[in-house]
Each structure stands twice: as structure tokens, then as C-alpha cells.
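This report describes one protein chain for a reader who has not seen it before. Please look over the sequence and the structure before reading on.

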Amino acid sequence: ECLPAPNISCRLSNGTEFRFSGEEVGFNKTIPCRNVSGYSYKVAVALSLFLGWLGADRFYLGYPALGLLKFCTVGFCGIGTLIDFILIAMQIVGPADGSNYIVDYYGARLTRLSITNQTYRKPHLSL
């Protein structure tokens with residue numbers, strides 16, 4: 001249950017305006033479950049930072065072909081190591097099975113935003 005800030009007014013679909021006092025429930029928000037399968041975010045970042053030039057980060061995340069390629073080219077001469085570290089730290093590259101990292105803290109987490117047919121775009125007001 002989500003509580004709106006006090007003195008927020010919303011226009012309902014029938015045209016009436018409702019002002020929240022901050023005490024009532026404004027809406028219910030569903031939070032999607034995150035599928036995890038045992039890959040730790042801290043371990044992935046540490047492997048990428050210290051052993052990324054050997055491809056250990058890609059082996060850990062389940063990408064053995066890229067791990068072997070990084071191992072044979074010494075991390076693509078260092079450039080691939082730096083790029084992989086940034087991608088793993090920003091959680092753009094995750095485990096190969098499509099699961100999420102195990103993040104053992106509550107705080108900011110990156111989410112990918114996507115625009116679909118169900119995305120509502122607020123029209124701009126022309127002044």
C-alpha cells in the first residue's frame with residue numbers, strides 16, 4: 001500500500017478532483033519478484049576488477065566462450081577488461097541464465113526502462 005504525500009490532488013476518471021490528506025491509501029503497487037540463481041554482485045565486480053584480464057568474470061557469470069576469448073587475448077589488451085568492469089558494475093551484463101544478481105543491501109538498484117505499447121506518455125502542454 002502506498003500513501004500519497006499530504007495535499008496532493010488527483011483528477012479521477014469521472015472528472016472529479018480528490019485531495020489526499022496523507023492518511024489514506026492512495027493506491028496499491030505490485031512489486032515484481034526478482035529471480036536469482038546464486039550469482040553474487042559483489043563477487044562478479046571483484047572478479048571483474050582483479051581477474052578480468054583472465055576472463056574470470058565471464059566464466060563466473062556463465063559466458064565461457066567470452067571468458068576463453070578474454071583469457072587468450074589478455075582481456076582484449078586491457079580495453080575489454082575496462083569495458084566489462086563498467087558493464088558489470090552498472091549491472092548491464094548479468095548472469096547468462098537471465099537471473100538477477102544477489103545484492104545483499106537495500107538501496108539503489110539499476111532498472112532498465114523500456115517503452116512499450118502499454119507505456120503512458122503524458123502529452124506536453126503547449127503554452
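The buried residues of helix 5 are covered by several elements, including helix 1, helix 2 (56–61), helix 3 (64–72), helix 4 (74–77) and strand 4 (100–102). The model described here is a predicted one.

Four residues of helix 5 are buried: Gly-80, Thr-81, Asp-84 and Ile-88. Viewed down the axis of helix 5, these buried residues fall within an arc of 100 degrees, so they line one face of the helix. The face turned away from that buried side carries Ile-79 and Leu-82, which are exposed.

## The chain as a whole

The chain contains five helices and four strands. Along the sequence, their pattern is β-β-β-α-α-α-α-α-β.

Of the 127 residues in the chain, 22% are buried. Among contacts in the chain with a separation of 6 or more, 44% are between residues 24 or more positions apart.

## Helix 1

The buried residues of helix 1 are Tyr-41, Ala-44, Val-45, Leu-47 and Ser-48. They cover an arc of only 160 degrees around the axis, which puts them on the same side of helix 1. On the other side of helix 1, the exposed residues are Lys-42 and Phe-50.

What do the buried residues of helix 1 pack against? Their partners are strand 3 (36–40), helix 2, helix 5 and strand 4.

## How helix 1 and helix 5 meet

Helix 1 spans residues 41–51 and helix 5 spans residues 79–89; their axes come within 9 Å and cross at roughly 165 degrees. Since an angle over 145 degrees counts as roughly antiparallel, helix 1 is roughly antiparallel to helix 5. The crossing of the two helices is left-handed.

Which residues of helix 1 and helix 5 meet? From helix 1 they are Tyr-41, Ala-44, Val-45, Ser-48 and Leu-49, and from helix 5 they are Thr-81, Asp-84, Phe-85, Ile-88 and Ala-89. The residues of this contact divide into seven nonpolar, two polar and one charged.

## From helix 5 to strand 4

Gln-91 comes after helix 5 and has a positive phi, near 60 degrees. The loop between helix 5 and strand 4 also holds Asp-97 and Gly-98.

Asp-97 is partly exposed, with a relative accessible area of 47%. Leaving aside neighbours within four places in sequence, Asp-97 is in contact with Ser-37 and Tyr-39. The C-alpha atoms of Asp-97 and Val-36 are separated by 9.6 Å, although the two residues are 61 residues apart along the chain. Is Gly-98 buried or exposed? With 60% relative accessibility, Gly-98 counts as exposed. Gly-98 and Val-36 are 62 residues apart along the chain, and their C-alpha atoms are separated by 8.8 Å.

Most residues other than glycine have a negative phi. Val-74, found in helix 4, has a positive value near 50 degrees. Val-74 is partly exposed, with a relative accessible area of 48%.

Cys-77 is also found in helix 4. The phi of Cys-77 is positive too, near 60 degrees. Cys-77 is exposed, with a relative accessible area of 72%.

## A residue in strand 1

Arg-11 lies in strand 1 (residues 8–11). Its relative accessibility is 62%, so Arg-11 counts as exposed. Not counting residues up to four places away in sequence, Arg-11 touches Thr-16 and Glu-17.

Conventions: Residues are numbered from 1 along each chain as its sequence is written. This is a predicted model: local features need pLDDT of at least 70, side-chain atom pairs count only at pLDDT 80 or more; totals for chains, interfaces and linings use all residues. Side-chain values use heavy atoms; hydrogens and water are left out. Axes are lines fitted to C-alpha atoms, for helices over the stretch in contact, and angles run from 0 to 180 degrees between N-to-C directions. Angles under 35 degrees count as roughly parallel, over 145 as roughly antiparallel, 65 to 115 as roughly perpendicular and the rest as oblique. A crossing is left-handed if the near helix is turned anticlockwise from the far one by less than a right angle, and right-handed if clockwise. Contact means heavy atoms within 4.5 Å. Ala, Val, Leu, Ile, Met, Phe, Trp, Tyr, Cys and Pro count as nonpolar, Asp, Glu, Lys and Arg as charged, and the others, Gly among them, as polar. Buried means under 20% relative accessible area, exposed over 50%, partly exposed in between (1.4 Å probe, protein chains only). The arc is that of the directions from the helix axis to the C-beta atoms.
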